[in-house]
Amino acid sequence: MTRYDFIVVGAGAAGAAVAWSLVRKGHRVLCLDRGPRMDAQRYPTTEPDWERRKRTDFSPVISERTGRFDYPVDDTASPIAVCNFNAVGGSTILYSGHFPRFLKVDFELKSREGLGADWPVTYADLAPHFAVNERMMGMSGLVGDPYYPQITEALPPVPLGTAGERLARAFNAKGWHWWPSYAAISTRERGGRGACLNLGPCNTGCPQGAKASADNTYLAYAERRGLTVIPEFAVSRVLVRDGRAVGVEGFDVDGERRVFEAERTVLTSSAVGTARILLNSRSDRHPHGLGNSTGQVGRNLMIHPLGYVEGLFDTRLDTDVGPQGCLLYSLQFHRTPGAGHRLGYMLHALRGTGPVETALAALGRRKLRFGDDVYDDFFAYYGRQLVVAVICEDLPESTNRVELDESRSDRFGDPGVKIHYALHENTRKMMIHGMGRARELMSAAGAIRSSAHGPVRNSGWHLMGTARMGLDPRLSVVDSHGRVHDTENLYVADSSVFVTGSCVNPANTIQAVALMLAERMDEHFRSAGA
């Protein structure tokens, strides 16, 4: 049996970054993922039925998708469904690619505002890793946003188009901040990846390779340097001897139970998947799972509740051209003194949906008549919609949590998970405020009518916080180096360690944190003489 320096469990945004960093330092690294390798030439948008597949095998909602590589997720006790994707590349296969950074204040929430907790690391600790990550992923955008003065390098931004320019003028009329989206989308040919063609539906995978995903960036580079990746391997539990993690046990593609051993084990399987593995790694010494001596594993789940405001216009816009989730954003309401709620939200502009999704939405509103009128009704909506998402900052709440679901199991017999999540009253107030401002914006942009709803059910992409980082083992699962407090040689390096959630998309910060922690893992390894 090959003995590795590190086993990385999960080949998504965090795991790929960790594996790349460690391989570059000369370590023998094995990366395991329960999902398959993806073939970009077979992504849904290469075929005419791409919107059907977006609702079936490429649906981001794990409880609806229930594919052979998934584990059961019961999110009926949450108003927001869990979204992820089990594959080499993880959820970066399906994400929109919106790529802002957390802000400096997000790491000092307790000190500055008396809420949540402070991170045991600072923005300054992460700054160099943000810069590395943005180069590795090929981030596009416009340098100069006053909220991000530290960003000094980016590829040219994704074009705003007619729709974006119209919204931008509305923001200007209101006197509100806005900026073209920072995007993990290459607007030039780069490193074997094609330039963005403005195809649009990035959320079903990018056949062009313009959208950066973990498999076409970090993993591709790391495998050329000697990284071993084994797909379709479902890790059940971490193995521990004499208080030290020595590897993992799980099931291979044929359903055979196998063991891999290493000097260090790193969990990077998302805030739901990592909590599941820790909780399932039960033993006489750890009857409630690893890292869970004080009952913190799975707790403080944050999801980023979303409100949606849709504006309908009397002229056709180019909302079917360009990346749906990378148009422009506003941090005008990142903080809203006197608004009746604490913290704040980001306004994130989205392009319109595909034709089938548009037709179904119109049908659901009884605005689509069959017969001679069907085309007129359809084109009254298609290409005329703009959406502004209200991304609300989520407070860490101990009662919002992930727990094992012993009543259901995956195909290998390991338990699924149950999600317990309720909106904080502060979040409700924030969302109402944000939807009101977004409707004002739609009016200023010339929408003939607008509608608002929230929280949006199928929007639980931003999963954070179930193995939080901290200095006090009674209140956290890992320390500031990602080391699990109660188990030697076991690390967590994904969004599970997040202490607070900001109000911006977390992908860039997930990878920056992963790179920082990987660097610290390398230092520990060398100092221990392993």
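Contact here means heavy atoms within 4.5 Å. With that in hand, welcome to a predicted model whose protein chain holds 12 helices and 16 strands, taken as DSSP runs (helices H or I, at least four residues; strands E, at least two) and numbered from the N terminus. Among contacts in the protein chain between residues at least 6 apart in sequence, 74% join residues at least 24 apart.

Two notes on conventions come before the details. Residues are numbered from 1 along each chain as its sequence is written, and side-chain values use heavy atoms, with hydrogens and water left out. Because this is a predicted model, local features need pLDDT of at least 70 and side-chain atom pairs count only at pLDDT 80 or more, while totals for chains, interfaces and linings use all residues.

**Overall dimensions and surface**

- Along its principal axes, the C-alpha trace spans about 70 × 50 × 45 Å.
- Of the 530 residues, 61% count as buried, where buried means under 20% relative accessible area, exposed over 50%, and partly exposed in between (1.4 Å probe, protein chains only).
- Carbon and sulfur atoms own 49% of the accessible surface, which comes to about 19,700 Å² by the Shrake-Rupley method with a 1.4 Å probe.
- The mean positions of the 61 positive and 59 negative charges are 2 Å apart; Lys and Arg count as positive and Asp and Glu as negative, with His and the chain ends not counted, and each charge is placed at NZ of Lys, CZ of Arg, CG of Asp or CD of Glu.

**Nonpolar cores**

- A nonpolar core is a set of buried Ala, Val, Leu, Ile, Met, Phe, Trp, Tyr and Cys residues joined through side-chain atoms within 4.5 Å.
- The largest such core has 114 residues, and the members touching the most others are Val18, Leu32, Leu227, Ile419, Phe498 and Met521.
- Helix α12 (residues 507-528) gives this core its largest share, 11 residues.
- A second, separate core of 33 residues includes Phe171, Trp178, Val309 and Leu441.
- Setting aside residues up to four places away in sequence, Val18 touches Val8, Val266, Thr268, Ala493, Ala514, Ala518 and Met521.

**Backbone features to check**

- Gly454 and Pro455 are joined by a cis peptide bond, with omega about 0°, and Pro455 sits in the loop between β15 (449-453) and β16 (490-492).
- Asn300 is not a glycine, yet its phi is positive at about 65°; Asn300 is found in the loop between α8 (270-280) and β9 (306-312) and is buried, with a relative accessible area of 5%.
- Arg366 also has a positive phi, near 60°, in the loop between α9 (355-364) and α10 (374-379), but Arg366 counts as exposed at 78% relative accessibility.

**Two residues and their surroundings**

- Asp125, in helix α5 (residues 123-137), counts as partly exposed at 30% relative accessibility.
- Asp125 and Ala512 are 387 residues apart in sequence and 9.7 Å apart in space, C-alpha to C-alpha.
- Not counting residues up to four places away in sequence, Asp125 touches Met516 and Arg520.
- Thr45 lies in the loop between β2 (29-32) and α2 (50-54) and is buried at 18% relative accessible area.
- Beyond its neighbours within four places in sequence, Thr45 is in contact with Trp50, Leu199, Pro201, Thr204, Gly205 and Pro207.
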